Amino acid sequence: MPTDSTHAAAPSAAARWTPPFLWVVLILIGTSWPRIKLGPDDLPLDKIAHFTSYGVLAALTLRATLGWHRWGTLAAVVAAIALFGAVDEWHQAFIPGRSTSLADWIADVSGAVVGTLVVRSVSLLAPRYRS
């Protein structure tokens, strides 16, 4: 552990991984209910909800990895979340009133990409994360 006071000790693995784990639980609870109407049919609120929830999941997951500065870690996080999104879409086929949607999965993956890029950008700009 560095003795330099400018470098704070990294939080424990449990402290880092609890937020993304709880967010996954919230996503699974939300997608396990029969169809929830989010507003008028002419507004894409469903896609916004997918984009936002998976963007937050990506941000929390990338933060937990402590690898925000490595492009390989960003790619791995996006790939893992894309896989989770695909499994979640498949699981919705078994929920009454729900269905699998490629457009929802695309919104999930798009949110994950943006979420990781936001964490990387903010982390690069934040002085406490610089070496």
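**Exercise 1. Find the salt bridges and trace how they connect.**

The count comes to 2 salt bridges, where a salt bridge is a side-chain nitrogen of Lys or Arg within 4 Å of a carboxyl oxygen of Asp or Glu. The model is predicted: local features need pLDDT of at least 70, side-chain atom pairs count only at pLDDT 80 or more, and totals for chains, interfaces and linings use all residues. Residues are numbered from 1 along each chain as its sequence is written, and side-chain values use heavy atoms, with hydrogens and water left out.

*Solution.* 

Step 1. Side chains of opposite charge can pair when their charged atoms come close.

Step 2. Take the pair D46 and K47. Their closest N and O atoms are 2.9 Å apart.

Step 3. Take the pair D104 and K47. Here the closest N and O atoms are 2.7 Å apart. D104 lies in helix α4 and K47 in helix α2, so this pair ties together parts that are 57 residues apart in sequence. Helices (H or I, at least four residues) and strands (E, at least two) are DSSP runs, numbered from the N terminus.

Step 4. Join the pairs. D46, K47 and D104 are linked in a network of salt bridges.

Step 5. Check the cover. Buried means under 20% relative accessible area, exposed over 50%, and partly exposed in between (1.4 Å probe, protein chains only). D104 is buried, at 4%. D46 is buried too, at 18%. K47 is partly exposed, at 30%.

**Exercise 2. Describe the overall fold, then test the helix lengths.**

*Solution.* 

Step 1. Count the elements. The chain has 4 helices and 0 strands. Its pattern along the sequence is α-α-α-α.

Step 2. Look at the whole chain. Of its 131 residues, 33% count as buried. The accessible surface (Shrake-Rupley method, 1.4 Å probe; for residues, only the protein chains shown count as cover) comes to about 8,100 Å², and 74% of that belongs to carbon and sulfur atoms.

Step 3. Compute the expected spans. The rule is 1.5 Å times one less than the number of residues.
- α1 has 20 residues and should span 28 Å; its end C-alpha atoms are 28 Å apart, which agrees.
- α2 (residues 45-65) has 21 residues and should span 30 Å; its end C-alpha atoms are 30 Å apart, which agrees.
- α3 has 22 residues and reaches 31 Å from first C-alpha to last, close to the expected 32 Å.

**Exercise 3. Which residue has a positive phi of about 60° just after α2?**

*Solution.* 

Step 1. Most residues other than glycine have a negative phi.

Step 2. Identify the exception. L66 takes a positive phi of about 60°.

Step 3. L66 is in the loop between α2 and α3. It is partly exposed, with a relative accessible area of 37%.

**Exercise 4. Where does the side chain of S123 make a polar contact?**

*Solution.* 

Step 1. Locate S123. It lies in helix α4. At 6% relative accessibility, S123 counts as buried.

Step 2. Find the partner. A polar atom of the S123 side chain lies 2.7 Å from the backbone oxygen of V119.

Step 3. Apply the rule. A polar contact is a pair of N or O atoms within 3.5 Å; within protein, one must be able to donate a hydrogen and the other to accept it, and residues adjacent in sequence count only if both atoms are side-chain atoms.
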